[in-house]
Amino acid sequence: MSQQADSSLGDPAGPLVLGTTVGLRTKDLLGIGDLSSEEILLILDTAEAMKEVGTRPIKKVPALRGRTVVNLFFEPSTRTRMSFEIAEKRLSADTLNMTASGLSVVKGETLVDTVRNLGAMAPDLIIVRHASAGAGHVVARLCSAGVINAGDGMHEHPTQALLDALTIRQHKGRFDGLKVSIIGDLLHSRVFRSNLLLLQKLGADVCACAPTTLMLSGMNRFGVRSTTSVDEAVDGADVIMLLRIQLERMRGHFIPSLREYFQRFGMTTDRLRLAKPDVIIMHPGPLNRGVEIASEVADGPYSVILEQVANGVAVRMAVLYLLAGGHQG
Ligand code: CP
């Protein structure tokens with residue numbers, strides 16, 4: 001890792017001052033598995049500094065001035081895509097937004113050819129979301145730009161796990177020994193995989209809860225407690241993370257009905273009684289209200305769901321900065 005000098009990246013509204021930092025080791029962020037716990041903490045600390053920029057009257061610093069960032073989204077997205085774009089604009093990058101419907105993939109062009117052509121235009125960073133696991137790795141191999149995985153199939157969603165970690169740290173101040181229960185469609189969830197890797201690296205006690213049909217096989221292999229009982233998952237939990245039932249990724253019948261799923265696994269105020277009194281409720285979105293979460297919980301006093309969204313901008317600013325602006329020599 002390279003040592004970075006203090007950075008004071010001034011703008012007319014005031015400087016962005018980051019402490020002495022250590023850069024990331026790679027040009028890409030493709031998965032949490034590639035990050036050390038020190039790198040994860042560096043991203044969280046940098047994100048805390050970036051949050052301050054969002055409180056200014058002029059929410060802009062010149063850290064990525066002259067850098068070109070392409071947002072390449074082959075799957076729908078509200079939070080990830082908008083927060084990346086806001087983060088890029090706050091850092092003064094030149095941004096391009098491409099979705100599958102606006103690309104020549106609709107005329108049959110492959111991902112490989114699409115990326116080779118993009119690479120020829122020399123962007124500095126490509127943010128990619130794709131339905132296929134490993135798509136980010138393909139993009140990273142094909143061009144010299146830094147690549148950030150914004151979600152690849154059922155594989156990983158690293159910036160989501162980082163913003164979740166920032167939210168947990170802001171509320172709990174630590175990870176070590178925290179009981180974090182993740183409840184929902186674990187099988188189809190890239191958010192689960194990234195969170196599991198990150199939370200274990202930082203010492204949290206992860207409990208995975210799902211119907212047998214939506215549980216990953218071999219959870220013991222990952223050193224994770226798994227259960228089909230929501231009460232067991234909620235009992236004594238510091239953090240409860242609910243995950244969406246992903247009907248669009250299901251081939252076949254995994255649950256009898258959404259109504260029955262809610263009755264057995266849906267998070268209600270009544271079920272929360274077993275959790276710690278200061279439990280926080282998280283959800284990456286989009287919400288299926290009345291399926292994995294009742295509205296009274298989603299909008300209730302324990303919910304930090306919109307804080308997660310706000311932290312998404314800061315975390316993405318931090319990752320962009322550390323990959324494209326943090327390395328200056
Ligand atoms: N959490 C998340 O990835 O949401 P979007 O699909 O809206 O980006």
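Reader: What makes helix 2, helix 5 and helix 10 part of the story of the largest cavity?

Author: In this predicted model, helix 2 (79–90), helix 5 (158–172) and helix 10 (305–325) each supply at least two residues of that cavity's lining. Helix 10 gives the most, with five residues.

Reader: Which residues line the largest cavity, and why do they count as lining?

Author: The residues are R79, S83, Q160, L163, H283, P284, I305, Q308, V309, G312 and R316. They count because a lining residue has an atom within 4 Å of a cavity point.

Reader: Why is this space called a cavity, and what is its volume?

Author: The volume is about 70 Å³. It's called a cavity because a 1.4 Å probe fits there but cannot get out.

Reader: What is the make-up of that lining by class?

Author: Four nonpolar, five polar and two charged residues. G312 is in the lining, and Gly goes with the polar class by definition.

Reader: What makes L320 stand out in the largest nonpolar core?

Author: Of the 90 residues in that core, L162, I240 and L320 touch the most other members. Helix 10 provides the largest share of the core, 12 residues. Beyond its neighbours within four places in sequence, L320 is in contact with residues including L64, F84, L125 and I148.

Conventions:
Residues are numbered from 1 along each chain as its sequence is written. This is a predicted model: local features need pLDDT of at least 70, side-chain atom pairs count only at pLDDT 80 or more; totals for chains, interfaces and linings use all residues. Side-chain values use heavy atoms; hydrogens and water are left out. On a 1 Å grid over the protein atoms alone, a cavity is a set of points where a 1.4 Å probe fits but cannot get out, and a pocket is an open set with protein on both sides within 12 Å along at least five of seven lines; lining residues have an atom within 4 Å of a point. Grid points are joined across faces, edges and corners, and a volume is the space filled by probe spheres set on the points. Helices (H or I, at least four residues) and strands (E, at least two) are DSSP runs, numbered from the N terminus. A nonpolar core is a set of buried Ala, Val, Leu, Ile, Met, Phe, Trp, Tyr and Cys residues joined through side-chain atoms within 4.5 Å. Buried means under 20% relative accessible area, exposed over 50%, partly exposed in between (1.4 Å probe, protein chains only). Contact means heavy atoms within 4.5 Å.
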